[in-house]
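Please keep the sequence and the 3D view at hand.

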Amino acid sequence: ASEFAGTVPVRHLLPYWKTGNRYLFSGGSVNMRDAAVYAKEENWSKAVELWKQTYETKKGKQKMYAAYNTALGYEMQDSIDTALEWALKAQKEAYDIDKIEEKKEQGGIDISDVPNYFAVTRYLNELQERKEGMARLNMQMNRFDDDF
């Protein structure tokens with residue numbers, strides 16, 4: 001009982017770090033490749049600039065990839081609300097690319113039929129979970145402000 005009390009409930013009481021995997025689209029244009037180099041160097045603001053340019057000038061998958069990467073760039077800068085906005089843009093593009101509306105009318109959707117929409121929606125859910133976690137973390141950390 002003491003082992004359970006010391007391990008399982010603790011993550012609900014104390015702040016903790018959860019590692020997550022993130023994927024980056026890097027091909028398709030010069031801007032995407034250059035932005036990937038900036039991302040590797042952790043220069044997220046320059047990478048985001050290039051991804052936004054790509055988003056404004058491209059169509060289809062390139063536009064979706066740019067929106068997805070922009071969301072990732074903002075997440076890495078801890079701007080979760082802005083990251084969520086860009087992830088929603090990527091999700092809208094993926095919805096059109098995977099032709100979900102047509103597939104709904106045909107009678108059913110299988111995950112393998114909508115790979116772009118599935119990937120972007122999964123990332124969007126992770127962002128929403130992170131936003132909720134940050135609210136909880138801020139609440140937990142604010143209790144220390146009273147001590148000073």
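Of the 148 residues in this chain, 30% count as buried. The model is a predicted one.

In secondary structure, the chain has eight helices and zero strands, which gives the pattern α-α-α-α-α-α-α-α along the sequence. Among contacts in the chain with a separation of 6 or more, 57% are between residues 24 or more positions apart.

Next, the empty space. Rolling a probe the size of a water molecule over the atoms shows where empty space is left. The second largest pocket has a volume of about 190 Å³. Its lining is made up of Asn-21, Arg-22, Tyr-23, Phe-25, Tyr-68, Phe-118, Ala-119, Arg-122, Tyr-123 and Glu-126. Helix α8, which spans residues 115-142, gives the most to this lining, with five residues. Sorted by class, the lining of the second largest pocket has six nonpolar, three charged and one polar residue.

Is Thr-70 buried or exposed? Thr-70 counts as buried because its relative accessibility is 0%, and the cut-off for buried is under 20%. A polar atom of the Thr-70 side chain lies 2.7 Å from the backbone oxygen of Ala-66. Leaving aside residues up to four places away in sequence, Thr-70 touches Val-48, Trp-51, Lys-52 and Trp-86.

Conventions
Residues are numbered from 1 along each chain as its sequence is written. This is a predicted model: local features need pLDDT of at least 70, side-chain atom pairs count only at pLDDT 80 or more; totals for chains, interfaces and linings use all residues. Side-chain values use heavy atoms; hydrogens and water are left out. On a 1 Å grid over the protein atoms alone, a cavity is a set of points where a 1.4 Å probe fits but cannot get out, and a pocket is an open set with protein on both sides within 12 Å along at least five of seven lines; lining residues have an atom within 4 Å of a point. Grid points are joined across faces, edges and corners, and a volume is the space filled by probe spheres set on the points. Helices (H or I, at least four residues) and strands (E, at least two) are DSSP runs, numbered from the N terminus. Ala, Val, Leu, Ile, Met, Phe, Trp, Tyr, Cys and Pro count as nonpolar, Asp, Glu, Lys and Arg as charged, and the others, Gly among them, as polar. Buried means under 20% relative accessible area, exposed over 50%, partly exposed in between (1.4 Å probe, protein chains only). A polar contact is a pair of N or O atoms within 3.5 Å; within protein, one must be able to donate a hydrogen and the other to accept it, and residues adjacent in sequence count only if both atoms are side-chain atoms. Contact means heavy atoms within 4.5 Å.
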